[in-house]
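Hi there,

Here is the structure I promised to pass on to you. Please open it and keep it beside this message, and I'll walk you through what turned up.

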Amino acid sequence: MSWFLGGIGNFKEDLFTDIQRQVPAHLFKIFSGDMFLIAGGIPNTCKFEISNHALNKKNWLQVGAGITREHPQKFLSNSDWQNIVDNNSEEDLTIDGHYVLASWNKDKIFIVTDRIGLRDFYFCKDEHGNIFFSTRIDWLARFVNTEIDFKEFGSRWLLFNQISTRSILKNINRVTGGNVLIIDRHKKNAELKKNNWLPALSGTNYSEHNFYEDLKSLITFPILDYKLSLSLSGGLDSRVILSYLLNQKGNWDTHSFGSEKHPDFIIAKRIADDFKINHVHLDSPEQSSEEFFNELLDYSGITVINTSASSLMQLGHYKLLQNSQDIIIDGCPGEIWRRQFFNRLSYFGKKYILKRDFKNIIKLIAYHKADIFNDDVNETMYNGSEEQLEEIFEILPAPETIGVENWIDLFAIKTRYPNYFLHEQVRTDSIVLTYMPFTQISMLEKLFLMKYSLKKTARLFRNIISQNAPSLKTYPLVKGTIVHRFI
């Protein structure tokens with residue numbers, strides 16, 4: 001991940017030595033007076049600017065990647081970020097991309113995340129009143145007495161994903177979803193300003209043509225300055241992206257991860273061969289048990305027990321792209337544009353949503369994991385899940401007002417994006433710059449202005465493929481390990 005670790009307070013010199021010994025190789029560090037800040041990752045996802053005359057907010061650090069909203073888009077450069085820091089309030093940032101932006105002067109530190117919630121950070125205060133902040137929750141656990149907060153952790157363990165966006169460790173706070181942390185360097189206190197981003201829920205219809213053009217710009221803009229590589233599978237979402245790229249000359253290729261025997265690779269390779277696309281197969285070499293265990297520990301720290309340990313076998317393939325100058329484009333999670341999240345809830349739970357029947361909603365979004373906790377902990381986790389469901393109903397517009405199907409999609413954006421997709425985005429940021437056009441705020445803010453009939457049964461995506469490259473419809477689709485005909 002592109003990462004940072006910092007603090008405000010009165011620190012002993014040996015703390016800095018310990019920190020540098022325990023964190024990965026860094027790109028940036030300052031240890032001065034009451035403040036320290038150290039950061040790393042790769043240059044494409046870790047940018048910064050430091051001034052010796054910090055009377056105004058001219059010092060800044062950004063991890064992740066920002067994208068302009070003007071057509072054609074571009075990834076934000078250092079000068080672009082500098083302009084944003086100089087001329088914008090943190091609460092007003094609505095740029096595309098996934099990022100945490102920290103800026104500071106002699107009086108205050110401001111730290112803000114993207115509004116969708118694809119990057120996050122944490123902060124805590126130790127027994128001496130020192131404030132620490134970091135993109136790694138496991139690093140902050142060194143500075144405070146902490147333990148798992150099972151009321152918060154419950155939905156992460158019992159359901160498809162955590163519902164709240166709070167920290168799962170006590171005495172450590174989490175910040176995501178466009179919220180802003182303001183630290184007063186003199187008073188040594190921290191203020192959190194919350195920002196409940198919601199998309200437009202009424203207004204002029206977002207036409208199929210407008211979606212087509214906006215998506216085209218988001219998919220093709222990197223080709224102007226970078227080599228673009230598409231993570232191509234046998235699924236529908238990556239095929240939509242491919243349909244645009246087939247009409248672009250050069251400077252892009254495709255790749256697939258994992259076994260050559262998996263249907264995803266077989267279909268992707270067949271498409272690439274038939275269209276004479278340069279296609280790269282990436283499969284991890286064998287590891288010793290010690291190497292895998294060490295990597296698993298780091299993976300668990302970054303992803304915060306977000307996915308099963310076995311997921312590393314597949315997701316670990318990204319490390320084969322280490323130090324690549326390519327920009328990786330990914331079709332995840334295109335499902336939001338074809339009404340595919342929480343299908344059980346959609347099919348069987350509409351009446352429970354309208355009745356606020358939390359017990360039956362939980363049954364429909366439960367995800368079985370090993371039963372390793374005692375009865376008291378299980379009860380605490382279940383009660384915490386119910387409380388979080390009640391809270392999300394208070395945060396979101398009423399389903400009676402926006403419609404149950406729209407409510408479910410908004411529920412997915414507000415809970416699944418920051419609690420599931422975020423963690424993989426964070427992890428890959430230390431390896432290669434990866435972005436997902438379907439998740440950009442400039443697109444999602446218009447999601448509910450589109451006719452529902454276009455999203456249902458993936459009609460919108462099928463129309464795009466028919467327009468861009470109809471021959472792609474002759475290849476079957478893959479769902480998991482199941483291959484089925486393109487309909």
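Let's start at Glu391, which counts as partly exposed, with a relative accessibility of 29%. Please keep in mind that this is a predicted model.

What does the side chain of Glu391 meet in a salt bridge? The partner is Arg166, with 3.0 Å from N to O. Arg166 sits in the loop between H4 and S10 while Glu391 belongs to helix H13 (residues 375–395), so this pair ties together parts of the chain that are 225 residues apart in sequence. Arg166 is partly exposed too, at 36% relative accessibility.

Here is the general idea behind such pairs: side chains of opposite charge can pair when their charged atoms come close. The count for this model comes to 24 salt bridges.

Another one joins Asp120 and Arg174, whose closest N and O atoms are 2.9 Å apart. Asp120 is in the loop between strand S7 (108–113) and strand S8 (121–125), and Arg174 is in strand S10 (residues 173–175), so parts 54 residues apart in sequence are tied together. Both ends are buried: Asp120 has a relative accessible area of 3%, and Arg174 has a relative accessibility of 8%.

Next, look at Glu405 and Arg339, whose side chains form a salt bridge at 3.4 Å, N to O. Glu405 is buried at 14% relative accessibility, as is Arg339 at 5%. Through shared partners, salt bridges link Arg339, Lys350, Glu405 and Asp409 into one network.

Now for a charged residue without such a partner. Asp149 is located in the loop between helix H3 (137–140) and helix H4 (150–158). Asp149 is buried but has no salt bridge, and the nearest side chain of opposite charge, that of Lys170, is 5.4 Å away. A polar atom of the Asp149 side chain does lie 3.2 Å from the backbone nitrogen of Lys151. Leaving out residues up to four places away in sequence, Asp149 touches Ile168, Leu169 and Lys170.

Trp81 is in helix H2 (residues 78–87) and Tyr99 in strand S6 (residues 96–104), so parts 18 residues apart in sequence are tied together here. Are these two buried or exposed? Trp81 and Tyr99 are both buried. Tyr347 and Phe348 also pair edge-to-face, at 6.3 Å centre to centre and 80° between the planes, yet Tyr347 and Phe348 are both exposed.

While you are at H2, find its buried residues, which include Asp80, Trp81 and Gln82. The buried residues of this helix pack against strand S4 (46–49), strand S5 (59–67) and S6.

Lastly, two charged residues lie over the faces of rings: Lys369 over Trp157, 5.8 Å from the ring centre, and Arg462 over Phe486, 5.2 Å from the ring centre.

Enjoy exploring!

Terms used: Residues numbered from 1 in each chain as written. Predicted model: local features only at pLDDT ≥ 70, side-chain atom pairs only at ≥ 80, totals over all residues. Heavy atoms only, no water. Helix = DSSP H or I, 4+ residues; strand = E, 2+ residues; numbered from the N terminus. Buried < 20%, exposed > 50% of the residue type's maximum accessible area, 1.4 Å probe, protein only. Lys, Arg positive; Asp, Glu negative; His and termini not counted. Salt bridge = Lys/Arg side-chain N within 4 Å of Asp/Glu carboxyl O. Polar contact = N/O pair within 3.5 Å; in protein donor to acceptor, adjacent residues only side chain to side chain. Contact = heavy atoms within 4.5 Å. Phe/Tyr/Trp six-rings, centres within 6.5 Å; stacked < 30°, edge-to-face > 60°. Lys NZ or Arg CZ within 6 Å of the ring centre and 35° of its normal.
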